[in-house]
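Welcome, and please take a moment to look over the model below. A short tour follows.

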Amino acid sequence: MTNTAANPTPSQIIKEFPLTFFRGIGQVMFQDSIWTGIFFTIGIFWGAYASHTPAVAWGMLLGTFVSTLAGYLMGLKDSNGSQGLWGFNGCLVGCALPTFLGNTIWMWLAIIFCSAMTTWVRSGLDNVWGKWNLSTFTFPFVLCTWFFLLAARAMHGMPPVEESAPAFPVEGSTALSLGFVDLVIYWLKGISQVFLINSWVTGAIFLVGLAVSSWRAALWCAISSAVALLVIILWQGPGADIAAGLYGFSAVLTGIALGATFCNYSWKAAVWAVLGVIATVFIQAAMNIFFAPIGLATLTGPFCIATWLFLLPAYPWFMPKSN
Amino acid sequence: MTNTAANPTPSQIIKEFPLTFFRGIGQVMFQDSIWTGIFFTIGIFWGAYASHTPAVAWGMLLGTFVSTLAGYLMGLKDSNGSQGLWGFNGCLVGCALPTFLGNTIWMWLAIIFCSAMTTWVRSGLDNVWGKWNLSTFTFPFVLCTWFFLLAARAMHGMPPVEESAPAFPVEGSTALSLGFVDLVIYWLKGISQVFLINSWVTGAIFLVGLAVSSWRAALWCAISSAVALLVIILWQGPGADIAAGLYGFSAVLTGIALGATFCNYSWKAAVWAVLGVIATVFIQAAMNIFFAPIGLATLTGPFCIATWLFLLPAYPWFMPKSN
Amino acid sequence: MTNTAANPTPSQIIKEFPLTFFRGIGQVMFQDSIWTGIFFTIGIFWGAYASHTPAVAWGMLLGTFVSTLAGYLMGLKDSNGSQGLWGFNGCLVGCALPTFLGNTIWMWLAIIFCSAMTTWVRSGLDNVWGKWNLSTFTFPFVLCTWFFLLAARAMHGMPPVEESAPAFPVEGSTALSLGFVDLVIYWLKGISQVFLINSWVTGAIFLVGLAVSSWRAALWCAISSAVALLVIILWQGPGADIAAGLYGFSAVLTGIALGATFCNYSWKAAVWAVLGVIATVFIQAAMNIFFAPIGLATLTGPFCIATWLFLLPAYPWFMPKSN
């Protein structure tokens, strides 16, 4: 149950706010680190401007700001906020809405409402998931953004521009260049797509940002994107999506969650994390097909589902000692 | 956990039945009042006959009767029943099936089965939702009716007649008259659509019926339909749906639930209720799009989802004292 | 919470394995009996070879083997395994993937991964469902297989061959021969389709296999397929599906679960089981329509949903004494 703690004074809040803000960006990949958040911000700005979609970067800042502020305004327990746990869902809302929707005033108001909403939806859903000692991960972002992306199809005020057209699922072409340099690019884009950025440079910056906080997280990020790439190439998925890193981002998050965050660091747990990454690839493909008739993006839903399924059994051999 | 209480005698049941029956109709908008139930009945009969769909009104009576009777027959705890909590889901089943399906004998048998089913589905789902001190609201109606409306597409015995054709979601026209009288009519129809009635007169009768039981419920009903209308006009939703009140009915229920029923009556809680109403509009639009390929109506699903999301955080500043 | 027990020695495991293996096949219809498992195996081989799809039978053996082995390898509590509760989900995975997908090496690797996955998904979901004293039934099979069947549409490595084409739901023809012999064939095929086999001989063998373990289970199997057939004919469902037994298999499982396994054996509970079977038919039709735009099979999902809805209320008059 969420409690209000002794409220910090306004001057404390203003002093802490920049730290909480950048930690929120770092927490998208589970890092309670302002330096990771700063590297991620650099990577996002690079990728957004390189692809001529600067609104994604500014939306990201706005979403993180609003969702963090919402935590303070509602007087939520501060330990959560100071770790950046109010901001990461709003951060992703701010990346997602300008990626898929037209740049209108109503879209920006939607970012404000939707990113604030993730803060209280998260504390509400935590009361549900907490019964099984699970985190809701990025699901508050996924759920609230699904509402707004779908609603956009019914609202001329914020029309979809980059969303897939609703269609029956059809097999995509598997054509894909498999040169070494190409593979490295797909692998790095799988990492950058965590923030909906399609840029190998951004992927490399994200890896550095992770390594600054945790070499283990950076390692699992690298492993997971590679394993996902291998699996989807072997099973011959759609070439264009593979090249854009769209089979990597959920797997990356599953790998960091299982390999470097919520399990112990044994060899058994490492095998478990790899199995989780493989499962994520199939769940990603399944959700892509499931959402095709409404043209909706899965966002990081496949990561949430896979990671819950691999944490729920709570086998002693992968549970961390401190638990 | 549902218990059987000391069973009332048959003569007690017969004496109480009319009270329990009309309370069931009133409970659709959270009013434990036979007078509200009687006003609602009048409004439904007016609207159903005015639109030449009398089966909706008679179906409503049948559904309320059967679901209430099911509660007695299964020996459920009587305090629930005497407040009308067995009848409101069946009441809505009885409005919904004749609205969307052809008037065949199999449709009437489906009303009987489906409305009885809501009574035990409700006591079952209450065991789930109760772990978080949540009500299932109208979700037993929504779930069971979804089963039967979808099944109808596979069954010539009760063919759909008024359901939307399955189609990919496309943006509707935003054309809408915005004169003052028009807006008042949309606003009242948003209220009447709670019972699937498209009539501003019925909406006005419902407001009176609420005021007889609780001025606060009537006030929040009025506010919520107006706020929803404002939001969907600003974001430029589909004109025909707005004019028919189809963006109002879920918002109305969210507003009465959060503003006048399950939260305290502070200013903070009032702001919370307005935020909940705004969220409901986007969830309504999202679910309309999500269900387009199967041509299914959302029913009051958006209200259930929005209200759960706004009650789950259980912040102390909106919780009622008695809780 | 799942615990690891004192691990059996390898020689114990090898000795027990055949028993655990066939019990796993029997548990698809709730029978902790190697003889039922052997009869089911015979029935499946007969049906698979008769319809020139031997891969279904061999896939069934592989899936049961892998999922049972996964239980031993992960050191799950042995009492579960010795009752066959590790194997039944994998058994169904092994029937389903070769039924719907092309016979490629990647499909066989998918059977291995997917059937092993059901074992840990089951122990994870049991931690969720267990809060309400519910079993997850075949839902681990349903969920994991949905992932792989949907993913197959995006993967040339294991292309769908027998899956329905994605399409808007349209009413099927109700044309159906209603001679006595025809009805008996539909009735028996409703039973054989539990394992995705379309053969009245197999259905008869399954009935015998059930009777060897429990006359009550065989009786409820027979009743349920008949009741489902009656309901879907009265409501005039699609003739081709009825003739193939596709409205029977979920109802059969609901009937055995409610009538012969999880409730007491009173007359009231028998009425309850029949109501549950009727509800299953409508949920089956509804899910068929819901999945039409993505061309996905419901698998035994309708059985899971119906049976949960009828067990959740936990009314004293249907609960078994030992509970």
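How many disulfides are there over all chains? The count is zero, where a disulfide is a pair of cysteine sulfur atoms within 2.5 Å. This is a predicted model, in which local features need pLDDT of at least 70 and side-chain atom pairs count only at pLDDT 80 or more, while totals for chains, interfaces and linings use all residues. Residues are numbered from 1 along each chain as its sequence is written, chains are lettered from A and ligands numbered from 1 in the order in which they are written, and side-chain values use heavy atoms, leaving out hydrogens and water.

Now for the chains. Chain B is superposed on chain C by a rotation of 120 degrees with 0.0 Å of shift along its axis (RMSD 0.0 Å), using least squares on the C-alpha atoms of residues with pLDDT of at least 70 in both. The two copies are therefore related as by a three-fold rotation axis. In chain B, the C-alpha of Pro293(B) is nearest the axis, 3.9 Å from it.

Finally, consider a helix pair, with helices taken as DSSP runs (H or I, at least four residues) numbered from the N terminus. In chain A, helix 2 (residues 34–50) and helix 9 (residues 200–213) pack at an angle of about 175 degrees, with their axes 8 Å apart; axes are lines fitted to C-alpha atoms over the stretch in contact, and angles run from 0 to 180 degrees between N-to-C directions. Helix 2 of chain A is thus roughly antiparallel to helix 9 of chain A, a term for angles over 145 degrees.

Note on methods:
Helices (H or I, at least four residues) and strands (E, at least two) are DSSP runs, numbered from the N terminus. Angles under 35 degrees count as roughly parallel, over 145 as roughly antiparallel, 65 to 115 as roughly perpendicular and the rest as oblique.
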